[in-house]
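Dear colleague,

I am handing over the structure below, and I would be glad if you could look through it alongside my notes on its surface and its charged pairs.

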Amino acid sequence: MILPKMILKNAFRRKVRTLLTILATAVAILAFGLLRTVITTWYGAAETTAADRLVTRNSVSLIFPLPLSYYEKIRHVEGVREVTYGSWFGGFYISEKNFFANFAMEPESYLNLYREFLIPEDQKQDFLRDRRGALVGVGLMERFGWDLGDTVTLKGTIYPGDWPLVIRAVYRGRTPNVDETQFVFHWEYLNETLKDTAPARANEVGFYILGIRDPSRAAEVAREVDAMFENSPAETLTETEKAFVMGFISMSEAIITVIQAVSLVIIVIILAVVANTMAMTTRERTGEYAVLKTLGFSGFQITVLIMGEALVITCLGALLGILLTYPAAYGFKEALKQFFPLFNVDPMTVVLDLGVAVLVGAAAAVIPARQAVSIRIAEGLRRMG
């Protein structure tokens, strides 16, 4: 029991230095945790996808449409239980800074496929009956202060003009990682308007979403769908919903790489801070380590003393940093909710924080411990006083 007591006493012998090192470590762990949360949030959309859903789009690019006539053909593919279709609308509310995900979808089949949306039954029926009705996530309702029954006018970019829509239903996520900031309205409302204003763009959809009976047959079903439209004017690419979402994420891969690089730099900074503290401590206590050797302490025990002190400091800093990460993440989410509707600290991020603290603490103590163990007793004693 003597070693743990000595470790704790040594760690706080120079209280100001120790507290400053703990604070520096906490700030670094806080920054590391937030950056890791940004990365996990970026990939979070892919993790919420369902294994039994496929997405069919134009093989050239998502910006090229597909004919509505594909619907019946896809619906009769063996293994497909449900098909919905829609288009990315790309509108905004009042000004371009008020941007959010908005889609024109075939409503009934869409809700059958997305069971993770919890909607009161009376609101659901109101939404299905009203061609100008909209389904809105509760997060979006809170962001703009909307109420059920309000008329919201989206300003179109892909489909120019003003598009007035009535909020008929509000959904919540079945689980915390479901995006509650989407805006969905009837594809038929979009299509009927296009028939009058832009007939050439009518009866076209941006994508089809397929619900399949057996997720293990996803690749087989995808190949069969694409084979039907091979050599047609609008060939298709069918992939899992997760692969479809990852395609969007890959467009931002350079940003993610930079964030990952910065998080590694932060680890190096923590290591430098703690290593400097341990180096100063070891130089000050060289004589004491020599005395311990004369009392029979082994090189292993002295190494445990130095490494234990470093681990106490880094772990306390990590715990403080982790505690600060949660309110900081909440503030980050509130400030940038239009970009990060889901910004929750993943448990794995906490594990990484603690892992980094242990790794840095151990690495920072290696050289000071080696110096303390290798110094001769007589030389160490000469440094006392």
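**Nonpolar patch and salt bridges**

In this predicted model, Val16, Leu20, Leu23, Val27, Leu320 and Leu324 make a nonpolar surface patch of about 530 Å². At least two residues of the patch are supplied by each of helix H2 (15–47) and helix H12 (299–335), and the largest share, 4 residues, comes from H2. Val27, which has its place in helix H2, is partly exposed, with a relative accessible area of 49%.

Turning to the charged side chains, the structure holds 10 salt bridges. One of them joins Asp130 to Arg168, with the closest N and O atoms 2.8 Å apart. Asp130 lies in the loop between helix H5 (121–129) and strand S7 (133–137), while Arg168 lies in strand S9 (residues 161–173), so this pair ties together parts that are 38 residues apart in sequence. Asp130 counts as buried at 18% relative accessibility, because the cut-off for buried is under 20%, whereas Arg168, at 31%, counts as partly exposed.

A further salt bridge links Lys155 with Asp162, where the closest N and O atoms are 3.4 Å apart; Lys155 is partly exposed at 29% relative accessibility, and Asp162 is exposed at 52%.

Lys195 and Glu192 also form a salt bridge, their closest N and O atoms being 3.3 Å apart. Both lie in helix H7 (residues 187–197), 3 residues apart, which is about one turn of the helix. Finally, salt bridges that share partners join Arg53, Glu116 and Glu241 into one network.

With best wishes

Key
Residues are numbered from 1 along each chain as its sequence is written. This is a predicted model: local features need pLDDT of at least 70, side-chain atom pairs count only at pLDDT 80 or more; totals for chains, interfaces and linings use all residues. Side-chain values use heavy atoms; hydrogens and water are left out. Patches are made of residues with over 30% relative accessible area and no salt bridge: like charges are joined within 9 Å, nonpolar side chains (Val, Leu, Ile, Met, Phe, Trp, Tyr) within 5 Å. Accessible areas come from the Shrake-Rupley method with a 1.4 Å probe; for residues, only the protein chains shown count as cover. A salt bridge is a side-chain nitrogen of Lys or Arg within 4 Å of a carboxyl oxygen of Asp or Glu. Buried means under 20% relative accessible area, exposed over 50%, partly exposed in between (1.4 Å probe, protein chains only).
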